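Biologist: I would like to go through the labels attached to this model and hear what each one rests on. Please set each value against its cut-off.

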Amino acid sequence: MSIDLKRLRGGYAELTAEFGEKGAAIVAGIPPKSVEETLDGKNAYTENLEKFLGARAAAYSFYPEEHREQLLKLEHFIVESGSAEKAAKALGVSKGTISYIRSCKYKGDVGKFFADFASYLKLKQEKRSRPYKGTGYMPTSVSEYMYQVIRGVHIAGDCEIITGDTGVGKSRTITKYASDYPESTVVVTPTVADGSAVGILKMIAEQLGISDADGMERLPHLTRAVMPKLHDGMLIIIDEAQHLKFPAIDHLRSISDKFTDRGETMGVCFVGNPSFMRHFDDKKLPVTGQVFNRANLRPYIKASDIKIEDIRLLFPELSAEKNTAEIKFLYAVAQTNGEGIRRAINFYRSAYNMDGSNVTIDRLAELAQTGYLKLPNIGNLIKRLREESA
């Protein structure tokens, strides 16, 4: 049976009017570069497009009005996500579920699916509507120090160990550095499951675009796949490095050494919490010295290193309004081991989202009392700051 190309183009034009040129291709499941040939009937997508347009028209006729509205929102969500597969993953359902819903073939509870979808959209909308956007990376005293250490490692091609208390800004600084030098920086963040030499090399391989590395289970094979993708002047940063096992640490050190031996540089920077240093206790030092001795500075960034000027920088709204009590409270949170800058930001975000920019010591105190905060003598601190702000 021949395909009516004029009708096909008309149906696709309706998609384009609703979703735009790129969006129409995503909704229809056609590679954007193949649209023109598809509409001319010159490839296999033409028949698929005809079937899709027919199924779509049938769905909009079949579903009641409230479901038709949700179906259109689902299509827009597919465009926003980039594909039906990515949309399904975000919603926690299979790609097949999305397909069956769109073609009226879903055997489950359609009403529940659309109700769950509506709830998901509401949640995302509330998240987007929250007024506090944060300041992103800010050059605090601790982040700038760490940034300069990483830069030195990159330039010299050294191995380095940076440890720091929870929430002092390690990961945010790494993200900033990688965005400044994307062409020469590889960042991986292992979990406990990725802590072996094989596991960490698979993560590095993925960052380097080696598509078949996941099937490699032997370290020599992975190393031979990764090495040609690395080049002089690169830097590998391992965030959450405390999850690594020592053989993984030593293998990364050996990669750096290979570049040194041929007169080139390959920096390797291990960044983690203080437990990373367990690998280098006195009993193990003869074994681990190859790595430990290559780390020149081995800085340990403590929460207590944070300065009150850093808090003013991170919370310019408070600084502009001379909110001394609020700044001092957030400073106390940031300086507390186990809390840090991250927890101070979270406290401020919660208060801001409740009251807008009118963040007060009373609201911060209320949040502190309802959440577990490792702040010594918190009651006395809040009382004193309230008196100061009165």
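Biologist: Why is C269 called buried?

Modeller: In this predicted model, C269 has a relative accessibility of 0%. Buried means under 20%, so C269 counts as buried.

Biologist: What makes C104 partly exposed?

Modeller: Its relative accessibility is 25%. The partly exposed class lies between the 20% limit for buried and the 50% limit for exposed, so C104 belongs there.

Biologist: How do you know that C269 is too far from the closest cysteine sulfur for a bond?

Modeller: The closest cysteine sulfur to that of C269 is in C159, at 9.2 Å. A disulfide needs the two sulfur atoms within 2.5 Å, therefore this pair is too far apart for a bond. For the model, the rule gives a count of 0 disulfides.

Biologist: Why is T140 called buried, and what does T140 touch?

Modeller: T140 has a relative accessible area of 3%, and the limit for buried is under 20%, so T140 is buried. This residue sits in the loop between helix 7 (110-129) and helix 8 (141-156). Leaving aside residues up to four places away in sequence, T140 touches D310, L313 and L314.

Biologist: How many residues are in the largest nonpolar core, and which have the most contacts inside it?

Modeller: That core has 47 residues, and I150, F315, F329 and L330 have the most contacts inside it. In soluble globular proteins, nonpolar side chains tend to be buried together. Across the protein, 43% of the 390 residues count as buried.

Biologist: What describes the packing of helix 3 and helix 4?

Modeller: Two packed helices are described by the angle and the distance between their axes. For helix 3 (residues 45-62) and helix 4 (residues 65-81), the axes come within 10 Å and cross at roughly 145°. Helix 3 contributes F52, R56, A59 and Y60 to the contact, and helix 4 contributes R68, L71, L72 and E75. By class, this contact has 5 nonpolar, 3 charged and no polar residues.

Biologist: Why is the protein called more spread out than a compact globule?

Modeller: The protein has 19 helices and 5 strands. Its radius of gyration is 27 Å, whereas the globule rule gives 21 Å for 390 residues; the value is well over the rule, so the protein is more spread out than a compact globule. Along the principal axes, the C-alpha atoms fill a box of roughly 80 × 65 × 35 Å.

Technical notes: Residues are numbered from 1 along each chain as its sequence is written. This is a predicted model: local features need pLDDT of at least 70, side-chain atom pairs count only at pLDDT 80 or more; totals for chains, interfaces and linings use all residues. Side-chain values use heavy atoms; hydrogens and water are left out. Axes are lines fitted to C-alpha atoms, for helices over the stretch in contact, and angles run from 0 to 180 degrees between N-to-C directions. Helices (H or I, at least four residues) and strands (E, at least two) are DSSP runs, numbered from the N terminus. Contact means heavy atoms within 4.5 Å. Ala, Val, Leu, Ile, Met, Phe, Trp, Tyr, Cys and Pro count as nonpolar, Asp, Glu, Lys and Arg as charged, and the others, Gly among them, as polar. A nonpolar core is a set of buried Ala, Val, Leu, Ile, Met, Phe, Trp, Tyr and Cys residues joined through side-chain atoms within 4.5 Å. Buried means under 20% relative accessible area, exposed over 50%, partly exposed in between (1.4 Å probe, protein chains only). The radius of gyration is taken over C-alpha atoms; the globule rule is 2.2 Å times the number of residues to the power 0.38.
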